[in-house]
Amino acid sequence: MDAEGPPTLCDLCLAQVCQSLSSLCSMRADGSMSLIWAPVFPQETADQLLNHMAAKEILNDTTVGIFRSCKELRLRRASIQSCPLSAEAFRLALCPHRLLELDASWVSGGLTGADIVSGLASNPECRSSLQRLSLSGLRLDWESLEANGGIHVGFSSLRGLRMLNLANTDLNDAALEDICNLPHLETLDISCSAISKLTALLECKNTLRSLIAHRQRHLDMSPAQLLFVFSQLHALKHLDFSEHHFSVDDSDGRDGDETVRQLLEGSPQVLPSLVSLDISGRKRISEAAIRSFVESRSGLVFLGLLATGVSSCDFFSTQKSLKVTGEADENQVCEALRRYRDRECFIREALVHLYSLTTDTDKPQPDVLKLVVSGMQRHPTSLHIHLVATACVFNLTTQDLAQAMPISLLSSTVTQLLNTMKNFPNHQQVQKNCLLALCSDYILQEVPFDKYLAAMLVINWLSSHEDPTLQRMAVAVISILVAKQLLAIVQQKAMVGVVDSTLKFALSALWNLTDEMPVAARNFIECRGLELYEEVLESYYTEPSIQQKVLGLLNNIAEVEELQADLMEEDILEHILSLLQDSQVDVGVRYFAGGILAHLASRPDAWTLENELRSTVLKQLHDSIMTWTHLEREMVSYRSFHPFCPLLQTCQPAGVQLWAVWAIHLVCTQNTSHYSSMLEKEGLTELLKALAAHPSTHSDIKGLSDSVLSMVEQHQIHAGAFNNQTAPQCS
């Protein structure tokens with residue numbers, strides 16, 4: 001059973017509402033949607049509907065209009081993360097609500113932080129009710145608001161704020177001073193901002209419990225000044241002063257590193273109540289300093305040490321209640337993937353170590369796979385993350401590991417792999433990693449995902465790249481994706497006895513798909529294609545165009561030695577033999593029937609049925625072929641003559657040899673230049689010469705062999721004359 005369980009009834013209902021919005025709504029004059037009729041939603045359900053629309057990427061200026069109905073849809077905890085919303089749409093739809101929380105991280109569409117703050121402050125209820133606000137990734141842009149006639153209303157006007165996230169914004173010192181006047185501020189995230197001084201934090205030293213100041217590249221404070229500010233934050237329990245280590249050289253971040261060193265080695269009276277410290281990415285940290293810091297703070301439950309070089313300290317083995325991010329073991333790496341979801345540099349670092357740790361894993365780890373997929377989803381444009389993450393996905397789903405995973409997790413994993421292939425179409429290693437992960441019978445046949453998109457992406461890759469390894473994997477993936485669908489079409493048509501272009505195209509596609517492709521042929525068998533084709537042969541006995549395509553595919557299977565055992569069933573061979581013997585049957589059908597029997601009879605050691613049946617097959621092959629009339633129409637084409645090589649050996653029975661030589665003679669007659677060159681290139685002319693010269697070769701075979709060799713010789717003479725005629729003259 002899927003460990004994640006089925007979707008809830010509420011989720012299903014919300015999904016249906018999202019899908020039916022256009023029919024449930026009318027349009028206002030300004031182009032926004034309005035519900036034609038709606039009951040008063042339970043308050044939590046209104047929040048869920050908004051969040052569902054945002055997650056499904058259908059929340060925009062048009063659809064957000066339904067939330068202008070504040071009586072029916074009362075919002076309290078709203079998420080519009082990454083949605084394209086304008087300032088006007090936000091003001092009309094969200095600002096009238098008595099919000100407790102708002103996540104507007106990375107909103108596009110022109111909405112700025114200043115628009116959001118001024119809009120929320122225009123609602124007297126919001127001024128006191130709003131407790132949590134996230135504007136990560138936005139431009140605050142107060143200047144633009146003022147230039148358009150707006151009034152500069154600072155963060156301090158939202159007096160109820162307890163949590164404020166301004167990571168990755170243009171937050172400056174003046175705005176920080178305003179923020180620190182908030183009377184209840186407990187959590188502040190100023191990561192990757194333009195702050196140069198942290199002195200303003202002293203204004204909220206008695207309320208601030210959590211400070212996240214990752215990658216403060218613009219800080220202009222000495223270690224002593226920074227340490228003084230930290231020491232005065234008496235209520236602080238969580239401090240994140242980590243650094244983006246990939247982009248830091250020996251000069252950047254030195255003051256921050258020194259501040260961390262002094263904090264670790266300094267007095268236990270500095271931040272004595274700390275329960276969480278994150279210094280990942282910081283340099284010049286010693287194991288002795290870490291040990292001393294942890295021992296002097298018994299309440300510490302988390303320590304961020306990824307990319308510091310000290311996470312493998314033996315001391316941590318005795319600290320059972322302390323969680324650590326680092327690279328020493330899988331627990332530390334997974335903790336990093338959980339905590340640093342929005343930090344590309346740390347996700348990338350953690351995935352590199354996870355890849356090494358999972359290379360030889362033999363136990364299913366769905367929780368770890370979920371973390372990897374989450375990292376890919378959070379950073380869709382990061383090549384570095386997807387390059388390593390796709391390799392981790394392969395490690396975690398290879399062999400039989402996938403079969404122990406929840407189906408829903410595998411479904412989202414494959415969907416993410418397809419998104420990766422779509423986002424990085426020209427990166428060979430990323431594509432290879434995705435194909436390796438996809439190239440699993442279980443995943444391709446049992447896991448639900450967009451099969452059409454998968455086939456399209458793989459075919460697009462095939463059409464523009466010629467790497468043999470990737471081609472082999474790509475064709476294997478396509479064959480599994482397509483074969484099951486095509487077989488379903490064949491079965492559907494065969495059940496009612498229809499003969500139409502759809503059936504013929506499906507049969508032709510399967511035939512071509514298995515041509516010199518053992519993986520595809522094996523997959524055809526595993527999809528119970530043989531049983532279906534046996535029924536089709538019997539049902540369409542009077543339809544040569546159908547029978548030819550069916551026998552052509554079975555011929556492809558018969559060419560693969562390791563698959564011949566699957567055809568060793570008396571009923572189907574007796575049926576194929578009857579087609580070979582029946583003079584009323586089309587020569588094209590008898591030709592392919594003969595090919596199947598010739599390949600199977602060519603290996604006496606692998607023949608598992610009665611020897612009498614093999615003797616009958618060999619005799620009937622010779623007798624039947626000698627009655628075949630020459631075909632003018634092109635019935636078959638060959639990409640290679642390699643499958644004929646075993647059949648042309650002088651030790652083979654005459655019936656086997658005769659079928660192979662007759663086939664070569666047929667295609668050479670129809671396209672002499674192409675197949676003569678192929679015979680020469682692949683060494684078959686030498687086999688034919690040996691066959692023609694051997695004393696025990698049957699005269700019928702010698703005659704056909706001589707005829708083929710004559711065609712090859714004539715082609716060479718004509719080609720030589722043409723080359724001499726067109727060669728440039730030097731005199």
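Predicted model: local features only at pLDDT ≥ 70, side-chain atom pairs only at ≥ 80, totals over all residues.
Residues are numbered from 1 along each chain as its sequence is written, and side-chain values use heavy atoms, with hydrogens and water left out.

**Salt bridges**

- Side chains of opposite charge can pair when their charged atoms come close.
- The structure holds 22 salt bridges, each being a side-chain nitrogen of Lys or Arg within 4 Å of a carboxyl oxygen of Asp or Glu.
- Arg339 and Glu335 form one of them, at 2.6 Å from N to O.
- Because Arg339 and Glu335 are four residues apart in helix α12 (residues 330–339), about one helical turn separates them.
- Helices (H or I, at least four residues) and strands (E, at least two) are DSSP runs, numbered from the N terminus.
- Arg162 pairs with Glu186, and their closest N and O atoms are 3.1 Å apart.
- Arg162 sits in the loop between α7 (142–147) and β6 (163–165) and Glu186 in the loop between α8 (173–179) and β7 (187–189), so this pair ties together parts 24 residues apart in sequence.

**A buried pair and its network**

- Asp257 and Arg282 meet through their side chains in a salt bridge of 3.2 Å, N to O.
- This pair links distant parts of the chain, with Asp257 in helix α10 (residues 254–265) and Arg282 in the loop between β10 (276–278) and α11 (287–295), 25 residues apart.
- Asp257 is buried at 4% relative accessibility, and Arg282 is buried at 3%.
- Asp257 and Arg282 also belong to a network of salt bridges that links them with Arg217, Glu243 and Arg284.

**Negative surface patch**

- Glu535, Glu538, Glu569, Glu570, Asp571, Glu574, Glu610 and Glu612 gather in a patch of negative charge on the surface.
- Patch members have over 30% relative accessible area and no salt bridge, and like charges are joined within 9 Å.
- For the charges, Asp and Glu count as negative, while His and the chain ends are not counted.
- Helices α23 (529–539) and α26 (570–581) each supply at least two residues of the patch, and α26 gives the most, with three.
- Glu574 has its place in helix α26 and is partly exposed at 37% relative accessibility.

**Helices and the annotated span**

- Nine of the nine residues of helix α5 (residues 113–121) are buried, so α5 is largely enclosed by the rest of the structure.
- Among the buried residues of α5 are Asp115, Ile116 and Leu120.
- Ile459 lies in helix α19 (residues 451–464) and is partly exposed, with a relative accessible area of 44%.
- The C-alpha atoms of Ile459 and Ile478 are separated by 7.6 Å, although the two residues are 19 apart along the chain.
- In an unreviewed entry, UniProt lists residues 375–713 as "domain: Protein zer-1 homolog-like C-terminal"; such annotations may be inferred rather than shown by experiment.
- Residues 375–713 are 71% helix and 0% strand, and the end C-alpha atoms of this span lie 64 Å apart.

Notes. Patch = residues over 30% accessible without salt bridge, like charges linked within 9 Å, V, L, I, M, F, W, Y side chains within 5 Å. Areas by Shrake-Rupley, 256 points an atom, 1.4 Å probe, with all protein chains shown as cover. Charge placed at Lys NZ, Arg CZ, Asp CG, Glu CD. Buried < 20%, exposed > 50% of the residue type's maximum accessible area, 1.4 Å probe, protein only.
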